[in-house]
Amino acid sequence: MTSPTARNPAPISSSPSKHVDLLILGAGWTSTFLFPLLKSHNLTFAATTRTGHDIPSHLDSTIPFTFDPDIEDLEPYRRLPLASHILVTFPLKGQGQSTRLVESYDRVHAQDKITSNWIQLGSTGIWKGSSWQDRHSPIDLSNPRAIAEEELLALLGKRACVLNLAGLWGGERQPRNWVSRVAKTKEEVRAKGAVHLVHGEDVASGVVGCVDGGWEGVSGERWIVDDLRGWEWWDLILGWCGGDDKIGEEKLEYGKWVLELMEEEGVKALPRDREKLGRLLDGREFWVKLGIVPVKSLLG
């Protein structure tokens, strides 16, 4: 993977009493890609889960922590170590949650000399435009996640950034298995246009790029994080159709629908023209700022 220059592997750190380079609030799917890269960059880290369970091959234990925006008790925050950067992987929603989380953590660490920077993972679903969208395009300010993200940026300024992720894939998350969920009929396939994706390894590369030398370039802003490709649903469906099993037969039916739709709409070859694909995302700025390139692709 193309990423910031790796150094020697880091020791595993999960003790709340120690300072870490990165505190991950909510160690889930993304963390399975993030942990190995953090180690290879010699970055110390700690992570939370609801139960404090271990994560085999990565951490011998995690810190039990559940964010409850309705509770003012600081005791859960006392378990959290001082961190140079804090990654929030779970969604914060509406007014007040970002403030409650940040201020509770800061109150616990008020006597420490290090001020933490915050990274919130979000979704590109907050851009609703029907053509090309970049990070400067208007967002849906009625979206609860967008409201919380805006609050975080307003509260912390250069101490925060928001990474709005495209569709996540990698490991057990394989886009070829999504077809029957996103479109169940021919008419639903007709309505499908562009789809933007980002692999877990590239998400990890982006986070590490922010933490390991890139903060000044990304701080105080929100960013679109994708694989720099605008995939086309009809093209993908046709490429995935067929197979010898029941699932393969279902995909072949989808492929027949695509062929019929090409005939009906005068599409001579796939992928279709960009103006027919609806919303498209321009995620170049994030990778340019960090000086790295996303390298995981559906093409292999």
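Is Asn-42 buried, partly exposed or exposed? In this predicted model, Asn-42 is partly exposed, its relative accessible area being 35%. The residue belongs to the loop that connects helix H1 (29–40) with strand E2 (45–49). Its backbone also deserves mention: phi of Asn-42 is near 60°, a positive value in a residue other than glycine. Most residues other than glycine have a negative phi, and most peptide bonds are trans.

A second residue with such a backbone angle is Leu-228, which has a positive phi of about 70° although it is not a glycine. Leu-228 is located in the loop between strand E11 (222–225) and strand E12 (231–232). With a relative accessibility of 42%, Leu-228 counts as partly exposed. A further backbone feature concerns the peptide bond from Leu-270 to Pro-271, which is cis, with omega near 0°. Pro-271 is part of the loop between helix H8 (246–265) and strand E13 (280–281).

The overall architecture was considered next. The protein contains nine helices and 13 strands. Its radius of gyration is 21 Å, close to the 19 Å that the globule rule gives for 300 residues, so the protein is as compact as a globular protein of that length. The C-alpha trace spans about 70 × 40 × 35 Å along the principal axes. Of the 300 residues, 50% count as buried. The accessible surface amounts to about 14300 Å², and carbon and sulfur atoms account for 49% of this area. When contacts between residues at least 6 apart in sequence are considered, 77% join residues at least 24 apart. As to charge, the protein carries 35 positive and 41 negative charges, and the mean positions of these two sets are 1 Å apart.

Two buried positions illustrate the interior of the model. Ser-98 lies in helix H2, which covers residues 97–108. Its relative accessible area is 1%, and a residue counts as buried under 20%, so Ser-98 is buried. Beyond residues up to four places away in sequence, Ser-98 touches Leu-92, Ala-148, Glu-151, Leu-152 and Leu-155.

Pro-175, by contrast in its setting, is found in the loop between strand E8 (167–169) and helix H4 (179–182). This proline also counts as buried, at 2% relative accessibility. Apart from neighbours within four places in sequence, Pro-175 is in contact with Trp-169, Leu-197, Trp-240 and Leu-298. Pro-175 and Leu-236 are separated by 61 residues in sequence, while their C-alpha atoms are 9.1 Å apart in space.

The confidence of the prediction was also examined. The mean pLDDT of the protein is 91, and 92% of its residues reach 70 or more. Over residues 1–15, however, pLDDT stays under 50. For this segment the model has 53 contacts beyond four places in sequence. Where pLDDT is low, the predicted coordinates should not be read in detail.

Technical notes. Residues numbered from 1 in each chain as written. Predicted model: local features only at pLDDT ≥ 70, side-chain atom pairs only at ≥ 80, totals over all residues. Heavy atoms only, no water. Helix = DSSP H or I, 4+ residues; strand = E, 2+ residues; numbered from the N terminus. Rg over C-alpha atoms; globule rule 2.2 N^0.38 Å. Buried < 20%, exposed > 50% of the residue type's maximum accessible area, 1.4 Å probe, protein only. Contact = heavy atoms within 4.5 Å. Areas by Shrake-Rupley, 256 points an atom, 1.4 Å probe, with all protein chains shown as cover. Lys, Arg positive; Asp, Glu negative; His and termini not counted. Charge placed at Lys NZ, Arg CZ, Asp CG, Glu CD. pLDDT = per-residue confidence, 0-100.
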